[in-house]
Amino acid sequence: MKTKLITALRTAAKALEDNVFDYDWAEPESCNCGVVVAALTGKSINELREWTEYYHENLDNPSWTTFVGYYCPVTGIPKNQLLKTLFDYGLTAKDIVELEYLLNPKVLAKMPQRTVTIEPNIFKKFFGARTQIIIKRPYCRNKADLIYYLRTWADILTEEGQMDI
């Protein structure tokens, strides 16, 4: 299963880099998880939106963290076919939440710190006159950070030998 996941992570990173996927962190079908799901399943954004339509209609803030909460508490089986598919590819609920917010500790340990220039007025009350801050982890809404994160995660899975034989 992990071979498909590794391939999907690399495919999603390349598609984001080439602007093949429309990236929008606020939309479940085109956010961090959405682009990986599209790469895993071959589904378009519109098809993914159909899969997540119930959540769009019934939740104020549909997110992948919310989606993974919809499973049978007795069997642990997801109530949603999309989640069943993701779990079949080797993802766990924890993986999905970590992907949404770019929080996997193994991935973060391999990602470099970076300096970011911010608009002086935005954070002036927090940072005074400084316009640069050191980011110690990737920002979950930043496409470039997501691309690096996906490639790093794929590298880690490969290094760990979690490829199908």
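Me: At what angle do the axes of α6 and helix α9 cross?
Reply: Roughly 145 degrees, and the axes of α6 and α9 (residues 143-159) come within 10 Å. An axis is a line fitted to C-alpha atoms, for helices over the stretch in contact, and angles run from 0 to 180 degrees between N-to-C directions. Helices are DSSP runs (H or I, at least four residues), numbered from the N terminus. The model is predicted: local features need pLDDT of at least 70, side-chain atom pairs count only at pLDDT 80 or more, and totals for chains, interfaces and linings use all residues. Residues are numbered from 1 along each chain as its sequence is written, and side-chain values use heavy atoms, without hydrogens or water.

Me: Which residues in α6 meet α9?
Reply: Asp95, Glu98 and Leu99. On the α9 side they meet Leu146, Tyr149, Leu150 and Trp153. Contact means heavy atoms within 4.5 Å. This contact has 5 nonpolar, no polar and 2 charged residues. Nonpolar covers Ala, Val, Leu, Ile, Met, Phe, Trp, Tyr, Cys and Pro; charged covers Asp, Glu, Lys and Arg; the others, Gly among them, are polar.

Me: OK, α1 next. How do the axes of α1 and α9 cross?
Reply: At roughly 155 degrees, coming within 9 Å. That makes α1 roughly antiparallel to α9. The cut-offs: under 35 degrees is roughly parallel, over 145 roughly antiparallel, 65 to 115 roughly perpendicular, and the rest oblique.

Me: Left-handed or right-handed, when α1 passes α9?
Reply: Left-handed. That is the name if the near helix is turned anticlockwise from the far one by less than a right angle; clockwise is right-handed. The residues in contact divide into 12 nonpolar, 1 polar and 6 charged.

Me: And how do α1 and α2 cross?
Reply: Their axes cross at roughly 120 degrees and come within 8 Å, with α1 at residues 2-17 and α2 at 32-41. α1 and α2 are therefore oblique to each other. α1 passes α2 in a right-handed crossing.

Me: Which residues in α2 meet α1?
Reply: Val35, Val36, Ala39 and Leu40. Among their α1 partners are Leu5, Leu9 and Leu16.

Me: New topic. How many cavities of 30 Å³ or more?
Reply: The structure holds 1. On a 1 Å grid over the protein atoms alone, a cavity is a set of points where a 1.4 Å probe fits but cannot get out; lining residues have an atom within 4 Å of a point.

Me: What lines the largest cavity?
Reply: Cys33, Val36, Val37, Trp64, Leu86, Leu91, Ile96 and Leu99. α2 gives the largest share, 3 residues. By class, the lining has 8 nonpolar, no polar and no charged residues.

Key
Helices (H or I, at least four residues) and strands (E, at least two) are DSSP runs, numbered from the N terminus. On a 1 Å grid over the protein atoms alone, a cavity is a set of points where a 1.4 Å probe fits but cannot get out, and a pocket is an open set with protein on both sides within 12 Å along at least five of seven lines; lining residues have an atom within 4 Å of a point. Grid points are joined across faces, edges and corners, and a volume is the space filled by probe spheres set on the points.
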